[in-house]
Amino acid sequence: MYRLRTPRCAAALRRKATVSGTWLEGEMKLDTNFVHGAVTPEPKSGAILTPLFLSTTFIQESVEKYLEKGYSYSRTNNPTVTVLEEKLAKLENGFGASAFGTGMAATTSAISATMQAGDHCVISDCSYGGTNRSCREFFTPLNMEFTFVDFRDPENVKKAMKPNTKLVFSETPANPVLSLTDIEAVSKIAKDAGAKHVVDATFATPVICRPLDWGADMVIQSLTKYYEGHNIMTGGAVISKDQELHEKVKWVQNVHGNIINPFAAYIILQTSKTMHLRMRKQSENAMAIATFLEKHPKVTKVVYPGLASHPQKALADKYHRDGLHGGMLWFDIVGGSAAGTKLMNVCQRPWSLCENLGATESIITACAVMTHANMLKEDRLKVGITDGFIRVSCGIEDTADLIRALEVALEQV
């Protein structure tokens, strides 16, 4: 029996034929970009993974065509590193990205690209210990000025601004106390003063928050953490919102010679594909563990952005996507620093007592003697990092096993 074609059927018949290996039309969603962003099959073999280019130098066709292919020497650019940088820019919604050997290399390069002798920076009084040290002990002797303030209130930032302020440096959630910055408000303060706003969003990752979407000029990521996520490689990145900033950072990278090595870039290109899946499981584990600890009689305080008790919960809900609040939390227990130290000394596997965070393995860290030992003690205590401060990085293990190990440890203190 003959059927009259409906308009929908007719439109479907008019749709052009597709070819395997070509991309579906339209912009892909974030989860798809984690897997495929900036990556194309190798043209000669069809290999699905970006090749690892372990080559120091690149042959030029002629003097006249020098750099026509974009590569000359791997201190400046490398094909494997370029793909990682393009992927980072896509995931963070920036113009361009620069990938470094470590997160600290990224941090010092962001400062070097935006400040000179005589310039001033307003920076969070609670940040990664290496960031704090670099400002106090490396850049300050070079005649750069840093004012450390509490970023929980944007008014503190506004009051600290000076005519020579060139950079505002925030970290959200802050390492390790998990205080939050109102990115939109602080970005406006910086912009009104003609300064740049850089955000270290390592704890959040683009899965949870993209600061460039809220007015920030640059984002710093320690790729060692959630991007790599397997305790294999170190790396860092600065993602810039516009071309001018990106070119300044790339220039600094070339001068300092601190580009990420191609093998690390290759590994991070693979491990970052599952970051959105890992972050969801890590956030789920962190929420369950924080809820357990909050009810435990020996625990005096638990801080996690997903808890209703977090003092900046409204800000967390504004900036954190899909109800995810990350894999990091911290807590205090009855008995203070001595008890906290003992708990870390007796806590069994699957917890690991070590530095780093964001990995598939769950990690417990004594910040006072590990990650933040280089802070001045008075500054450390001022922001609440006591000797027994217990920082937790939740991995992807079974939730019940992680809680059971904490229960056993708490029974001993």
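1. Contact here means heavy atoms within 4.5 Å. With that in hand, look at Thr205: beyond its neighbours within four places in sequence, Thr205 is in contact with Gln221, Tyr226, Met275 and Met279. Thr205 lies in helix H8 (residues 205–208), where helices are DSSP runs of H or I with at least four residues, strands are E runs of at least two, and both are numbered from the N terminus. Thr205 is buried at 0% relative accessibility; buried means under 20% relative accessible area, exposed over 50%, and partly exposed in between (1.4 Å probe, protein chains only).

2. A word on the source: this is a predicted model, in which local features need pLDDT of at least 70 and side-chain atom pairs count only at pLDDT 80 or more, while totals for chains, interfaces and linings use all residues. Residues are numbered from 1 along each chain as its sequence is written, and side-chain values use heavy atoms, leaving out hydrogens and water.

3. Now find Pro154 in helix H6 (residues 154–160). Pro154 is buried too, with a relative accessible area of 18%. Leaving aside neighbours within four places in sequence, its contacts are Asp182, Ala185, Val186 and Ile189. Pro154 and Ile189 are 35 residues apart along the chain, and their C-alpha atoms are separated by 8.2 Å.

4. Finally, turn to helix H9 (residues 243–256), which has 14 residues. Its buried residues are Leu245, His246, Val249, Lys250, Val252 and Gln253.

Notes. The expected span of a helix is 1.5 Å times one less than its number of residues.
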